[in-house]
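Subject: Model handover, domain and chain contacts

Hello,

Here is the model for your files. My notes on its contacts and salt bridges follow below.

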Amino acid sequence: MQNPGMLARTVDVVKPTLATLAMLVACGMPDEPYFGRVDRLEPGHFRWCNSGEPDFLDPARASSTTSAPVITALFDGLTTYGMDGLPVPSLATHWEVDEALRIWTFHLRHGARWSNGREVTAYDVAFAAMRVVHPLTGSPNSDNLAPLENATGYLTRKTLAVRATGEVVTVVDDALPDLAARTASAPLALRDLGAAVDASYARVPAGATVTLIATSGTTISPPAPDGRPWAYVFWPRDVEGVFGWIPARELTGEPNGDVEAHVTRADGTPATLHGRDLAHAPEVLGIRVVDPYTIVFTCKDPTPFFLAATDNRALRTTPTEAVSRWPNAWTRPEHVITSGPMHLVAWHERDRLELVRSPTYWNPTEVTVDRITVLSMDDQAANANTYYTGGCDATAANNVPASYLPVLAGETRGRAYRDYSVSPYLGIYFLWINTEKLTDRHLRRALALAVDRTQVPRFTHGSEIPSAQLTPGTPIAQLSPADRAACGVTATTPGIALVMIAGALCYVPPPGLDFDLARARAEVALARAAGGVPAKLRYIYNAGSEAHKQIAEYLQASWAAIGLDVELEAQEWNAMLEATKQGDYEIARLGNLGNVADTESEFLPLFRCHTPDNRGRYCNPAYDQLMDEARTIHDRPARNAKLRAAEALMIEDAPVIPIYVYTQKQLVKPYVKNYAINVIAHPPLWRVAIDPAWNTRPAP
Amino acid sequence: MRLGRMALGCAVVFGVIALGCLVGPLIAGAFGVDATTIDTLRGAQPPSGAHWFGTDTLGRDLLVRVMIGGRIAILVAVVTTVIALAIGVSWGAIAAYTGGHVDNVMMRVVDALYGFPTVVLVIVVMSVFETRSLVALFALIGAISWLTMARITRGQVLALRDAEFVEAARALGVPAWRIVFRHVLPNAFGPVIVYATLAMPQVMLTEAFLSFLGLGVQAPLASWGTLVTEGSSQIVVYPWLLVCPGLAMGVTIMALNFICDGLRDALDPRTRTRRS
Amino acid sequence: MIRFLLGRLASSLVVIFVVATASFLLLHAAPGGPFATDARRSAAVQHAMEARYGLHDSLWRQYVREIGSLATGDLGHSMKKDVSVNQLIAEHGPTSAVVGLLGLSTAVVFGVLMGVTAAWRKHTWVDYLLMTIALVGISIPSFVMGPLLIAAFAIQLGWLPPARIDGLTSYVLPALALGLIYVGSVARLARGGMLDALGQDFVRTARAKGLPERTVVWKHALRLGITPVVTYLGPATATMISGSFVIEKIFQIPGLGTYFVNSITDRDYPVLTGVFVFYATMLVLLNLVVDLAYGVIDPRTRRR
């Protein structure tokens, strides 16, 4: 759901085109079936060339693609990523949803354990979710939980609870002092819930101010063993700060208790209350732990795609005891407590991570390797060279420089390497059109119709899938018969389809405005007649990539062919994001990557009026209407039909020009088994096996 | 003043290249070849009779692109080197000859500019002034390439400041500026000229780097720097995309260097006297 | 001397302050922010993330905070990772310094040898050959040179690892690639300086005294001839030991150079200011060393 800054990482300001002459050598190599050495395998040890250093290993704070597969391996979730990238049961064994698609109930397995031996319970899931939406965390993944009741209000501190009644109210005032501030009457001994004073790990001096986060025995916190109310507080000591539990009675002072707050009650009536009557409490969230093995999420609207949010970072379990002691550094090997199939033992910054099989994981038979080394190299050539020399066993998606692609694909020697593959990636390369500047949709359509997308892979060499359809997926010609049946298409149907549940559910995007020069000219003529064609248009793209530049040059020539004068302008990535956000452009290159195979949450929301990332400022109430209608439909094929109608309506208005579906290029040594290649490029690393006897068997 | 044979030969080579870049595209245009026509069906063809340098991946004639790129590259290299020479030499000479606090302050300014985050400056210049012009490019490259020149000049002048012939000039009451520019600098010029020639290839690559950031040469226009950068990503399959602009750039730099060597020998008072 | 040194140190502090201020202001003036890259983030989430790092305070307050912590030697805390800039420099600086010093040695040894030989054999084929090699070295950008070395020594011959720092052998290629960027410049400057020195009176005197040519060149003339090289090496050394972005990227060295570029792309304000302050400090110190070296090399530059 969240965009993990993927696009940001693929286009550094300075990405020297690190030409790799290594390939000159590869051209002259003997005619090997595999790319590089296959004799350096280590039994039980999987070495993976990741595409860079993970930004964080804390699920609440990570947002990069480089951290995702590692976090999945370290921290268990209600569901986890299957081989095809779709959620499969993990911590939750089964779940149900109510008729209105709003209330999701998950049933957890008994006996799952943290690496310190404690049982993983629903409270751990609730704690992780609460932390993601708490304003102090500043989590980039909060939007994943935005469908939950009051999640956004809790994040902005606008939705509070009336302490006496538990009633939920909304603050009207713009800036209120922190109502959760408390002063310590006596020194506080921060500790785990219910622990003795001498087990404390931090001492707050008397008179210091702390922030009250939660209390014990509520819908999301376990009751204290002594049956009394305890409080979970944050003390902003030094840069990191520290969290901890204390008996609630030790918190006496309330510095902002007298503040008057103007609020709106649930029924819409205004009221004025005092700070001491209100609480910024996690109980307002649509999260409820029924018992240690049952958790219920309540969404404010029908949310059929909520299940897809349960495997990603926002709902991965996090260990309260470690997070409390070291809020920033708890994922360091010396502090970390894990719940997933692997455990972290070493983290060498910008070099590598060392993971070992976790002895406490609930499903040990699933893991056949003892150790996984994740190399954190961010240069494609370095990764491919390391793979070539046998320094790693597989590379993360698209870890191959453009200059290697023709060689790997066999252009130079007539046949491709067997350990190389290209497959579709859930992402679309497109151009935004600023609809506030180019108001004439005939002009916008003309821009879309004038581009022959099939020519693009000829010069980018990336084997991209040319597409005029917005929702990305797999070319229909490549689908399995079962998937084709689910999609309701035949092998000869042109275009692409997005498989949502293998062999069962599929979304076929409507055809877009594909190359048609005659129609493009006609549309330009219509636009000219209406006076809607500026003398010069400006196309902006991010500097630093040869491919973006070549595409820009190609588009410029395509548009010149229908008489449109377009000027190219390269901008630095951040500057371009800012310019597109401010609407200071006419046409801009961008793209969108999805984390879930569902266009409803990943691609179509971009075009709703006033959504934050609607850079084309496109707003068509009819489109929003269709999207809203789709949301209430329980039957998924019917729902997809509605979404398709919405997409068709939007694409005819041409606020966006899709160019191609991204592809992922993968290198996987022949002795690596069970390495998943799926549309979201998220391999479950712990399922990988190393087969030392691979070449003693006859080749397939 | 006489240039050596090597320098003369190189001057001819440089002249031919510069002239080729200037009029070459016009001649090619007469034969219907230009630098902008895109034809992906004829992309990435190796050098042939029709396209002497081959075509790039978008099917454009590489020779014409190299010639047009040469105009910008040579202009940038020569103009910014002259700017850098003028500022750097004066700055360094004045600082060294005056000495004391003036020297300290002037050289600390140089230090501060060295430590300056240039890339950020470029980003800010681009966004604040919304400029993509070549003038801004010249100004920025000029602004960052005079610093080493100033330090080298200073080092040379320091060594000569108290030389006997300078003392003599001072004793004769020659004004300070005249001593610096007529007596000291000609003797200090050797390393300065050498550094100036060293700066040229760096300037061409800096230009490519700034174009990379979006300042300066905008697509579909190209310079040698951008062509080399572009070609280096295609070296495996289409080596001529790097080799052709690379050779053009290399030969030009080589020629300019030997010309400057000749100039240096011709200008140096000591070598002149020794030879005579 | 002490007075001179104190004066220099005081003015150096001003330089560092100016660099810090410029880094801070420029990056804040650049469009975008540290949390703007994630396009799909809602306004509420973005606000919460910015609040975590005090980005809603006035620019002036942020500046005072930044400079204030710099004054205490604390270079601040990254906004993109859980690490302080001091830690970052402590962890990645030594790697950069090792690679930088090895590169520096390569550049000096080969460059000076080439330059002096060329000057000695002026206008002969030896001179032209060496200078052509130097020019080729200067003209080949590091993003071509690095991969060339990898292709030859890591892929083709398999002698050295293609990337990462893992054992002593992995330092060879990056140091070589880094040194080769500078070796041409050093050679040309050494040649120029030597030509000047060989024309000086004291060299003629030495020759007239009948000293062997070898002694004249390597003992007498070299001292003076190397001055431009020393000048050039001041800032070049600062750049080399604080890490080269391109070299670190090609060889995937966990050094400091990466942050000079990534902190800009990421708009990571404290890291940018921190690494540039570190670089400026190296720079003024090394330039001070160079200025002191003048006096040692060439007695004529000493103040009366």
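Is Glu572(A) buried or exposed? Glu572(A) is buried, at a relative accessible area of 1%; buried stands for under 20% relative accessible area, exposed for over 50% and partly exposed for what lies in between (1.4 Å probe, protein chains only).

Some conventions before the rest. This is a predicted model, in which local features need pLDDT of at least 70 and side-chain atom pairs count only at pLDDT 80 or more, while totals for chains, interfaces and linings use all residues. Residues are numbered from 1 along each chain as its sequence is written, chains are lettered from A and ligands numbered from 1 in the order in which they are written, and side-chain values use heavy atoms, with hydrogens and water left out.

Glu572(A) and its partner

Glu572(A) forms a salt bridge with Arg267(C), with 2.7 Å between the closest N and O atoms. A salt bridge here is a side-chain nitrogen of Lys or Arg within 4 Å of a carboxyl oxygen of Asp or Glu. The pair joins two chains, because Arg267(C) lies in the loop between α12 (257-265) and α13 (269-297) of chain C, and Glu572(A) in the loop between β30 (566-571) and α15 of chain A. Helices (H or I, at least four residues) and strands (E, at least two) are DSSP runs, numbered from the N terminus. Arg267(C) is also buried, at 0% relative accessibility.

Chain A against chain C

In this interface, 67 residues of chain A are in contact with 51 residues of chain C, contact being heavy atoms within 4.5 Å. The buried area is about 4800 Å², and carbon and sulfur atoms give 55% of this. Buried area is the accessible area (1.4 Å probe) that two parts lose on being put together, summed over both. On the chain A side, Glu349(A), Arg350(A) and Asn574(A) supply 15% of the area buried against chain C, more than any other three residues.

Seven salt bridges are counted between chain A and chain C. Apart from the pair above, Glu53(A) and Lys81(C) form a salt bridge at 3.8 Å, N to O.

Several elements give two or more residues to the chain A side, among them α8 (380-388), α15 (573-582) and β31 (587-593) of chain A. The largest share, six residues, comes from α15(A). By class, this side has 29 nonpolar, 20 polar and 18 charged residues. Ala, Val, Leu, Ile, Met, Phe, Trp, Tyr, Cys and Pro count as nonpolar, Asp, Glu, Lys and Arg as charged, and the others, Gly among them, as polar.

Domains of chain A

Chain A is divided into domain 1 (4-52 + 341-419 + 677-696), domain 2 (103-315) and domain 3 (423-471 + 509-663), with bounds from an automatic or database domain assignment. The C-alpha centres of domain 2 and domain 3 of chain A are 42 Å apart. Five residues of domain 2 are in contact with seven residues of domain 3, and the area buried between these domains is about 570 Å², 66% of it from carbon and sulfur atoms. In domain 2, Pro302(A), Pro304(A) and Phe305(A) lose the most area to domain 3, together 72% of what that side buries.

One salt bridge is counted between domain 2 and domain 3 of chain A. Asp301(A) and Arg631(A) form a salt bridge, with the closest N and O atoms 4.0 Å apart. The domain 2 side has four nonpolar, no polar and one charged residues.

Other salt bridges

Over all chains the count is 55 salt bridges. One of them pairs Arg191(C) with Asp127(C) at 2.8 Å between the closest N and O atoms. This pair links distant parts of the chain, with Arg191(C) in helix α7 (residues 172-198) and Asp127(C) in helix α5 (residues 125-139) of chain C, 64 residues apart. Arg191(C) is buried at 5% relative accessibility, and Asp127(C) is buried at 1%.

Regards
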